[in-house]
Amino acid sequence: IELPCGGDGSCGRCIVRATGGEVETESLGRIPSSALSSGYVLACRTRIGNDGVTVELPEKAPADGQFADTEARSLVDPVLMPEADDIDPLVRKLHFRVPSAQLEDGLSDIDRLQAALRRHRKINEVSCTLPAVRSAASALREEGGKVTVTVMSADSGLRVLDIEAGDTTARHYGVAIDVGTTSIAVQLVYLPTGAVLATESDYNAQIPCGVDVISRINFAAKPAGLEDLRKRVLETINRLVCKVAFSHGVNPGEICQAAVAGNTVMTHLLLGLQPEHIRLEPYTPTVLRPPSLNAGEIGLGIGSSAPVELAPCVGSYVGGDITAGLLCTDLATGNHAVNLFIDIGTNGEIVIGNTDFLMSCACSAGPAFEGAGVEHGMRATAGAIEEVWVNNVSYEPTYRVIGNIPPAGICGSGLIALLAELFITGLIDRSGNLNTRLNTSRIRDGAHGGEYVLAWASETSQDDDIVLTKVDIDNLLRAKAAIYAGYTVLCQSVGVDPSEVAHVLIGGAFGQYINIEKAIQIGLLPDLPWDRVQFLGNTSIKGAYTALLSQSARRQTADAADKLTYLELSADNAFFDCFTSALFLPHTE
């Protein structure tokens with residue numbers, strides 16, 4: 001473990017994770033409290049108790065940050081990876097020397113720092129945050145006046161966020177965060193180069209309070225409900241921040257910038273804003289464009305003065321995940337062909353348009369396609385069944401598992417494939433009812449009614465059969481019906497038939513793994529030639545990543561939000577009629 005400070009705790013580099021025992025630590029103030037609550041401590045300021053502990057060490061990270069693991073980098077389209085000349089983060093690190101204090105000049109430490117920074121950057125106005133002022137006295141004296149200041153652009157000049165002794169310009173990190181209704185994803189980014197160092201995702205801890213945005217809004221109206229939801233989403237985000245940071249030997253407190261994308265309700269819950277008026281006519285959010293905030297105000301477990309930029313929302317149910325996601329498409333810039341952008345998630349959001357117009361809507365699809373609300377559903381991680389084929393004579397399944405290991409459950413792409421295979425082989429009818437007259441042991445009565453056995457217990461890692469129940473099928477039908485009805489009504493509102501759109505662009509964490517043919521067979525996607533369907537993956541976090549690195553991208557996101565017209569489906573009877581007709585396979589007229 002490197003100890004550039006000599007072990008006095010001032011550098012915060014010797015972060016480790018202590019589990020399975022008691023420790024005494026003096027790490028508070030040097031790393032965020034959210035990291036401490038997860039067991040992360042500074043090794044040099046921590047004493048092991050009598051019973052011993054398990055200490056986890058991070059991988060050693062190269063000083064220049066010039067690396068990225070393949071899996072994490074694959075989440076960002078190479079086309080979106082900025083060139084070196086295009087990288088322009090909101091926060092920068094500057095290294096220079098501040099003259100030492102003199103008896104006769106009467107200048108304070110901050111006076112001398114501001115004067116040196118004005119000379120270094122040739123600017124007039126320099127202001128400082130309180131945390132920066134608190135760190136000034138020691139930082140200016142440790143390395144003979146050589147300091148690194150973390151600064152961001154302000155209206156009148158530069159604002160100093162932090163002051164560190166020595167040259168720490170190589171340790172310059174930011175995080176991109178996708179706050180989804182069902183899942184949350186966090187990327188650790190090396191700001192000087194745009195390299196994605198690590199990516200982690202997990203289910204949103206708010207799920208026990210409601211699986212969709214409407215149930216979360218209802219829960220927030222209960223006494224202390226809003227604060228409970230805020231704490232839960234922050235707990236998930238901060239835990240993931242700790243994981244990505246620790247994986248590369250980064251103190252979460254060193255992270256100096258964050259870009260966040262989430263739908264309107266998730267944005268309200270993260271900020272502790274009461275969302276009840278979003279679901280009541282005239283469906284009015286408290287805020288669509290959150291102001292620039294710092295991590296300390298929100299409770300984000302990174303540097304307390306780090307600016308946090310939240311992507312702008314458009315309407316009650318179309319939020320920053322869509323405006324950020326548009327950065328991954330050419331709908332808003334330079335394309336005259338009419339395209340359809342569908343973000344398949346718990347809160348399914350849809351945009352139709354081109355460079356001349358953009359119209360959007362949202363439909364509550366539920367969490368089924370993200371693995372939640374399904375008995376053996378799971379996220380697309382190792383052990384998830386991602387593709388299924390069913391023999392139309394024997395009705396026996398064949399499946400592919402992520403990681404080529406015994407299956408533990410079924411992810412979204414596997415659920416779509418299985419539903420399509422059950423339908424085209426006659427194992428279920430158009431209403432999703434299981435055909436019990438067929439000669440197969442795969443269909444049986446279970447604890448929740450009829451079910452199809454996809455994998456016997458002997459094949460799995462859970463010592464339990466993996467099944468798809470009739471309740472699961474109904475949940476999947478409702479989810480796909482909501483998406484179908486949403487884009488159908490949106491197309492009708494602009495006088496375009498779904499078959500006439502130039503391309504269908506699919507966003508969502510699991511979207512890139514969907515089998516196009518099977519998605520069309522169940523009525524989830526329009527019946528178009530396959531080459532007109534394009535999967536973009538998790539566009540929300542891709543957009544947040546791009547905005548993290550580029551101030552022009554943030555302006556482009558704001559421009560897209562200005563251009564979007566929002567269609568409120570809650571007030572449109574056509575949506576409910578279309579939704580009802582789509583509760584069949586593939587759907588009815």
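**Entry 1: the cores**

I looked up the largest nonpolar core of this predicted model first. A nonpolar core here is a set of buried Ala, Val, Leu, Ile, Met, Phe, Trp, Tyr and Cys residues joined through side-chain atoms within 4.5 Å. Buried means under 20% relative accessible area, exposed means over 50%, and partly exposed lies in between (1.4 Å probe, protein chains only). The core holds 67 residues, and L340, I342, L418, Y452 and L524 touch the most other members. Helix α11 (residues 470-493) gives the most to this core, with 13 residues. I took helices (H or I, at least four residues) and strands (E, at least two) as DSSP runs, numbered from the N terminus.

I then listed the contacts of L340, where contact means heavy atoms within 4.5 Å. Leaving out residues up to four places away in sequence, L340 touches I350, V351, I352, Y487, C491, V501, H503, V504 and L505.

**Entry 2**

Next I traced an open sheet of 4 strands, in the order β6-β8-β9-β7, with mixed pairing. Two strands pair if DSSP finds at least two bridges between them. Which strands stand at the edges? They are β6 (91-97) and β7 (126-128); each has a single partner strand, so one side of each is left without a neighbour in the sheet. Ignoring direction, neighbouring strands are turned by 40° against each other on average.

I also checked β8 (residues 146-154) against β9 (residues 157-165): they pair in the antiparallel sense over 8 bridges. The bridge partner of M152 is R159 in β9.

Helix α3 (residues 109-121) lies across β6, β7, β8 and β9, running at about 105° to β6. Helix α4 (residues 130-142) packs on the sheet and touches β7, β8 and β9, its direction making about 50° with that of β9. For these angles, axes are lines fitted to C-alpha atoms, for helices over the stretch in contact, and the angles run from 0 to 180 degrees between N-to-C directions.

**Entry 2: α5 against α6**

The axes of α5 (residues 213-220) and α6 (residues 225-246) come within 7 Å and cross at roughly 125°. That makes α5 oblique to α6; under 35 degrees counts as roughly parallel, over 145 as roughly antiparallel, 65 to 115 as roughly perpendicular, and the rest as oblique. R216, F219 and A220 in α5 meet G225, L226, D228 and L229 in α6.

Most residues other than glycine have a negative phi, and most peptide bonds are trans. I found a cis bond joining E281 and P282, with omega about 15°; P282 sits in the loop between α7 (264-271) and β14 (293-294). The bond from L585 to P586 is also cis, with omega near -10°.

Notes. Residues numbered from 1 in each chain as written. Predicted model: local features only at pLDDT ≥ 70, side-chain atom pairs only at ≥ 80, totals over all residues. Heavy atoms only, no water.
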